[in-house]
Amino acid sequence: MNEPSLSALDRHAVLAGSNDSFPWFAGAMLAMEASEVIRLRLEKFAQGHEDSEDEARLMVTEKIVAALQAGASLLAGASPAAIIGIYRERVAANVKRLSTAPVAGGDERGVAA
């Protein structure tokens, strides 16, 4: 019952025989998913959203913390695929957070007034 949810591309990678020691597919997916976070952040910055400055600080802080944690995980023996998986989870959380953020000039649901 607790089966992980896999996207169609993830299922393809599993069926095609990609493995954790050669995580090119997961890395490519991370790059595509991260581009959505970049787009959402750039939209926020371009609109001059009131918390754009906080978002910029958060972005830099997240990157520093993630790099330190990834390095520590590598030293502890984590596989590159496991580290990419952690980054993908963080990217997905950022997409969710930024997608539900209010739009400039709108109410808390993002609906323009």
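Glu-55, Leu-58, Glu-62, Val-65, Ala-66, Ala-67, Gln-69, Ala-70, Ser-73 and Leu-74 of helix 3 are in contact with Ile-83, Tyr-87, Arg-90, Asn-94, Arg-97 and Leu-98 of helix 4. By residue class, this contact of helix 3 with helix 4 comprises 9 nonpolar, 3 polar and 4 charged residues. The model is a predicted one.

The chain has 4 helices and 0 strands, and its order along the sequence is α-α-α-α. Of the 113 residues in the chain, 20% are buried. Among contacts with a separation of 6 or more, 58% join residues 24 or more positions apart.

### Helix pairs

Two packed helices are described by the angle between their axes and the distance between the axes. The table gives these values for two pairs.

| Helix pair | Angle between axes | Distance between axes |
|---|---|---|
| Helix 2 (residues 24-47) and helix 3 (residues 52-75) | about 150° | 9 Å |
| Helix 3 and helix 4 | about 165° | 10 Å |

Helix 3 and helix 4 pack at about 165°, so helix 3 is roughly antiparallel to helix 4, as angles over 145 degrees count as such. The crossing of helix 3 with helix 4 is right-handed.

Helix 2 and helix 3 pack at about 150°. Helix 2 is therefore roughly antiparallel to helix 3 by the cut-off of 145 degrees. Helix 2 and helix 3 cross in the left-handed sense. On the helix 2 side, the contact is made by Arg-41, Lys-44 and Phe-45, and on the helix 3 side by Ser-52, Glu-55, Ala-56, Met-59, Glu-62 and Lys-63. The residues of this contact of helix 2 with helix 3 are 3 nonpolar, 1 polar and 5 charged.

### Nonpolar core

The largest nonpolar core has 7 residues: Ala-26, Leu-30, Val-37, Leu-40, Ile-84, Val-91 and Leu-98. Helix 2 and helix 4 (80-99) are the elements that each give two or more residues to this core. With 4 residues, helix 2 gives the most.

Ile-84, a member of the core, touches Pro-23, Ala-26, Gly-27 and Leu-30 when residues up to four places away in sequence are not counted. Of these, Ala-26 and Leu-30 also belong to the core.

Ala-82 lies in helix 4. Its relative accessible area is 37%, and Ala-82 is therefore partly exposed, falling between the limits of 20% and 50%. In sequence, Ala-82 and Ala-26 are 56 residues apart, while their C-alpha atoms are 9.7 Å apart in space.

Arg-88 and Met-29 are 59 residues apart along the chain, and 8.2 Å separates their C-alpha atoms.

Conventions: Residues are numbered from 1 along each chain as its sequence is written. This is a predicted model: local features need pLDDT of at least 70, side-chain atom pairs count only at pLDDT 80 or more; totals for chains, interfaces and linings use all residues. Side-chain values use heavy atoms; hydrogens and water are left out. Axes are lines fitted to C-alpha atoms, for helices over the stretch in contact, and angles run from 0 to 180 degrees between N-to-C directions. Angles under 35 degrees count as roughly parallel, over 145 as roughly antiparallel, 65 to 115 as roughly perpendicular and the rest as oblique. A crossing is left-handed if the near helix is turned anticlockwise from the far one by less than a right angle, and right-handed if clockwise. Contact means heavy atoms within 4.5 Å. Ala, Val, Leu, Ile, Met, Phe, Trp, Tyr, Cys and Pro count as nonpolar, Asp, Glu, Lys and Arg as charged, and the others, Gly among them, as polar. A nonpolar core is a set of buried Ala, Val, Leu, Ile, Met, Phe, Trp, Tyr and Cys residues joined through side-chain atoms within 4.5 Å. Buried means under 20% relative accessible area, exposed over 50%, partly exposed in between (1.4 Å probe, protein chains only).
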